[in-house]
Amino acid sequence: MRLQAGFSLLSEATKQSILAEQNQMVTRAKASNDPTERLADPDFITSLWERLSRKEKEAAMLFLQKAPQGFLKKRDWDQLTKAGSATWLAALTRLRRLGMIVTVRKLWSEIGYIMPHEVRESLHRVAYADVENSRNDILTKSLSYYIPAGRGIHLDMFALLAHIYNEELLLTKKGTIHARLLPKLTSLLSLQDIHTDRWLQSLLPDAKNHPPYPSQLAFLLDLGMRLGFLESDGSRLSIVRERADSWLALPHAEQVGGLLQAVVDTYLPPEPWLAAVHFELSKDEKAGWNRASELLERLRQSGYALPDDAMQQLCDRWLHPLLGMGYIQLGSDPEGDLYVKWNPIDSHTAHPGWYMEPTGDVLIPSLAPLSLLWELSRFADLSFEGGLVKGTLSMGKIQGVLARGGQESEILQFLQKHCFHPLPPSVQDQLDQWARGAKQIRLEPVICVRTADRRVLAELMELPSLAPFLTERISDTAFLIQPKQEGELLRLLKEYGYQPTGGGVLAPAEPSGQQGAKSQLQSGLFDIRPSWHEYHIENVFPDYKEAIPQLAQIPKLWTQHYQSYHATTLRDLLQRARELELPILIETRDGELEGIVQNVQVENGYWWVTMLVGKKLHRHPIDAIARARILLPQL
């Protein structure tokens, strides 16, 4: 879960309460007044971490190391901690009040807790900032790997969208793509099945959930549907122009980064150690090569639970997919050690333009804006070779544009505007030849208007304001109009008292906000759901008394006064402190001690208490305790 998704469902009052709690912990002059923006700021998380208590840090680490996708059900939390422990509940409540943990509920019954992705990523980097983090600078060595890298998921997604837009993609009666079309679609992608097969098998262990497509194509289609770029009506697969155009118009870094965020949110395996690997690799300062075995060993020593075949799982379930998407590089040294390097996302784009050869081939530099490539794909067939994009002017595409009302001069103007040099004369001659061929037979979309009988059409012809619409009669009861004339004709007919009907009702366009919301709710081909998919955000700012009811059951005398007690009362006090794991302060003949009660037992007729003070165990006879007091968490 992302911060924005969770906090968007909280009321303003709850957000202000979280903001006030944050202000009590951290006072920063430049801090935002939006708690969501604060928690997304790694520097703010660092400041919070420095002010958390030891137990609060331990509670946060549970969500890093033990919680799949940062989610724990309440019963899972109780199993990881000692159920009923007041100190653990106090720590959890503090994190919830700071907004670092979001509360969710399942059908008003079972409660769960989620640490949003941004908080987990920042906490991981803060918590392990002091861990030795070696970087292997071996850029001078030649590293090779047996699996090729992809050109970039953004280019694969572009190629798929452009093909579906330019080529009608009809579906079978079962709602699937025809098998004969799959080789063509797969050839558009640099992503290969060797990148995605085992990854998707681990996410979808049931073979029944696999669509009948190559895994790399199924993944791209699923991602495109989830992002709202693609939609299906059961008979054809088409693109959603509004969503696709919005993505194409983004800067390069936002295009690539947005796809990465979608991939991580949906397809990153749920195990905490794999999320930790991703956090490690994507650090900004990690510009060099990392030995994968050392990375896994650091995580194991830090407390993450890794399987015996962690290296194989890491490659199959995350590194190989990222390699195919172009986000990382992989290499092996002569000793067989695996190295991984994160590819920084370029924040700049090349100057929009291309070079045009006399043959009609177009050479386009890497990092050219995808929006420009999209316009060019209307007139040329594009292909991707490494970082270079090539295009070839297509007679069929250009004649199709001309047949739909396009002008030859507009095409020439577009090609010349973005060409780094004057267009070769041979290209202009070729366009002239294709244009003459397109004008021999021309198909145009029109609307046929039919009347009930010839007398109605005769009445319409007598109305002067309708004369511009009646220039193309095809019979005594019908005439043709251009599509752009439809709205005005309907308005005039209604003014004159006619009630026109259509074979198909033209529904009003939805507001852009509604279209966006509809696309956001689209599902993909895969049945992949987060671990909390049955839970809903609970709009609550936890109160300590409600979250830790055990504290109200402790006699105030035991928590507010540091004094002596009767032996029986003192045993009850110590037992209660042990049950709730609350620290106590005692005075013995050796001085004052503050610690956690581990055991209260009788030996040979005498009662003894064992306490953990720091990292050492201390054992004292209860009769030797002069004064005692239970220390409550600082709330």
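These legends describe close-up views of a predicted model.

**View 1. Helix 14 and helix 17 cross each other.** Helix 14 covers residues 252-267 and helix 17 covers residues 310-325. Their axes come within 13 Å and cross at roughly 155 degrees. Angles over 145 degrees count as roughly antiparallel, so helix 14 is roughly antiparallel to helix 17. The crossing is right-handed.

**View 2. Side chains and residues where helix 14 meets helix 17.** From helix 14, the residues in contact are Leu260, Val263, Val264 and Tyr267. Helix 17 contributes Trp318, Leu322 and Met325. Sorted by class, this contact has seven nonpolar residues, with no polar and no charged ones.

**View 3. The hairpin of strand 10 and strand 11.** Strand 10 (residues 355-356) pairs with strand 11 in the antiparallel sense, over two bridges. Met356 has Val362 in strand 11 as its bridge partner. Four residues lie between the strands of this hairpin, and Gly360 takes a positive phi near 95 degrees.

**View 4. The two faces of strand 11.** In a regular strand the side chains alternate between the two faces of the sheet.

**View 5. Strand 11 beside strand 13.** Strand 13 spans residues 388-393 and runs antiparallel to strand 11, with four bridges joining the two.

Terms used: Residues numbered from 1 in each chain as written. Predicted model: local features only at pLDDT ≥ 70, side-chain atom pairs only at ≥ 80, totals over all residues. Heavy atoms only, no water. Axes fitted to C-alpha atoms, helices over the stretch in contact; angles between N-to-C directions. Parallel < 35°, antiparallel > 145°, perpendicular 65-115°, else oblique. Left-handed = near helix turned anticlockwise from the far one by under 90°. Contact = heavy atoms within 4.5 Å. Nonpolar A, V, L, I, M, F, W, Y, C, P; charged D, E, K, R; others polar. Buried < 20%, exposed > 50% of the residue type's maximum accessible area, 1.4 Å probe, protein only. Pairing = 2+ DSSP bridges.
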